[in-house]
Amino acid sequence: MTTRRSPRHPVAACLLGFALCALAACGDGAGSGPRGGSADAGAVRRVAAFTCPDRATGAGADRDGPVGDRRLRVVTTVAPLTSIVANVAGDRADVVGIVPEGTNSHTYEPKPSVAADLSKADVVFVNGLGLEDPTLELAEANRADGSQLVELGTLALDEDQYLYDFSFPRDGGRPNPHLWTNPPMAACYARTVASVLARADPVGAATYRSNADAYVARVDQLDRLMQEASASIPREDRELLTYHDAYAYFAAHYEWTVVGAIQVSSFEDPTPKDVARLIDQVKEQDVRAVFGSEVFPSPVLDQIADETGAAYIDDLRDDDLPGGPGDPEHSYLGLMRFDFVTMVEALGGDASGLEAFDPSDVAPSVASYAR
């Protein structure tokens, strides 16, 4: 973890090319505040009580399986999803991730060569909920007859569980799509993947379901450790000001508060008044740390930390897995362990249980990750 403080520089110089999302906390629950559409308290409570629905655990269409010795061909989008799918598929299927790590999945335009992978896939797993629309459009246009396109996030959430905030306003029609930062929802993704693959490849059904059971057990362990780590932080200190607004469902589950998020924007320049407002809020709420991205540096967050005295932690990850393919920590579990440890330690909590957690794959993985 890198804790960094930078020299003071004019606010106006920091603002070019950035949009600031200054969010007030919900009055009676974790989540984002009212500017641009809030995560209302009822939705937050429903997310906190989340259970994986039957439509997810029983998803998929019955197929006869690959012909001859051919293996099941599976395509995924962002790296956390690729890792989850790979753990369920094990060595029975070829899994190909098509969104490079460290890119903005919301705007990523797939290379033309990706169409070939999609055209050969038996199953395409996407997050949905507007996360990767350009990739989804390409998949819909190029997938083979009889293939399945599965939106994991759309299956997992009821509409009354959608969380909206400044970055994902209600009037935009798209909720915050980052469900995987909430482990119970990631476990639901694994159950969905197991159901789809078992029905697409009946001969391997027992393997897929066994892998999913082992994987969900590991995710549940991570969740328990994070619950313990969260309990070591006073409730009023569980506050997140981040570069990317990826932690709405995480916050609802662990009773944290999303103070705000800063997003790169090409639509408008923010004003010094916006920054001043958030600086005042950070001071008033005594926010201990602000969290930047290890992929997308944020001079605005740097400025806010400098103005308020909060620590600036600039290596949080959203969907860029630690290490490289083949490394034990290059996994969804490794990603979550890294982020959870980073946040807990920065806010003064005890992350020792998380640090000891094993993030390695539970099944042999033959997945390939886009670069």
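Q: Buried means under 20% relative accessible area, exposed over 50% and partly exposed in between (1.4 Å probe, protein chains only). So what's the relative accessible area of Asp94?

A: Asp94 comes out at 33%, so it's partly exposed. Keep in mind that this is a predicted model, where local features need pLDDT of at least 70 and side-chain atom pairs count only at pLDDT 80 or more, while totals for chains, interfaces and linings use all residues. Residues are numbered from 1 along each chain as its sequence is written, and side-chain values use heavy atoms, with hydrogens and water left out.

Q: Which residue does Asp94 meet in a salt bridge?

A: Arg71, at 2.9 Å from N to O. The pair ties together parts 23 residues apart in sequence, because Asp94 sits in strand S4 (residues 93-97) and Arg71 in the loop between H3 and S3. A salt bridge here is a side-chain nitrogen of Lys or Arg within 4 Å of a carboxyl oxygen of Asp or Glu. Helices (H or I, at least four residues) and strands (E, at least two) are DSSP runs, numbered from the N terminus.

Q: And Arg71, what's its relative accessible area?

A: 30%, so Arg71 is partly exposed.

Q: How many salt bridges are there in the structure?

A: 11. One of them joins Asp160 to Arg46, with the closest N and O atoms 3.6 Å apart. That pair links distant parts of the chain, 114 residues apart: Asp160 is in the loop between helix H7 (152-156) and helix H8 (183-200), and Arg46 is in helix H2 (residues 41-48).

Q: What about Arg70, which residue does its side chain meet?

A: Asp122, in a salt bridge of 3.0 Å, N to O. Arg70 lies in the loop between helix H3 (54-57) and strand S3 (72-76), and Asp122 in the loop between helix H5 (114-120) and strand S5 (123-126), so this bridge ties together parts 52 residues apart in sequence.

Q: Changing topic: how many residues of H12 are buried?

A: Seven of the 10, so helix H12 (residues 299-308) is mostly covered. Among them are Val300, Leu301 and Ile304, along with Asp302 and Asp306.

Q: What happens just after H12?

A: Gly309 takes a positive phi there, about 85°.

Q: Last one: is Leu240 buried or exposed?

A: Buried, with a relative accessible area of 1%. Leu240 lies in strand S7 (residues 239-242).

Q: What does Leu240 touch?

A: Leaving out residues up to four places away in sequence, its contacts (heavy atoms within 4.5 Å) include Tyr247, Phe250, Trp256, Phe291 and Met343. Leu240 and Val290 are 50 residues apart in sequence and 6.8 Å apart in space, C-alpha to C-alpha.
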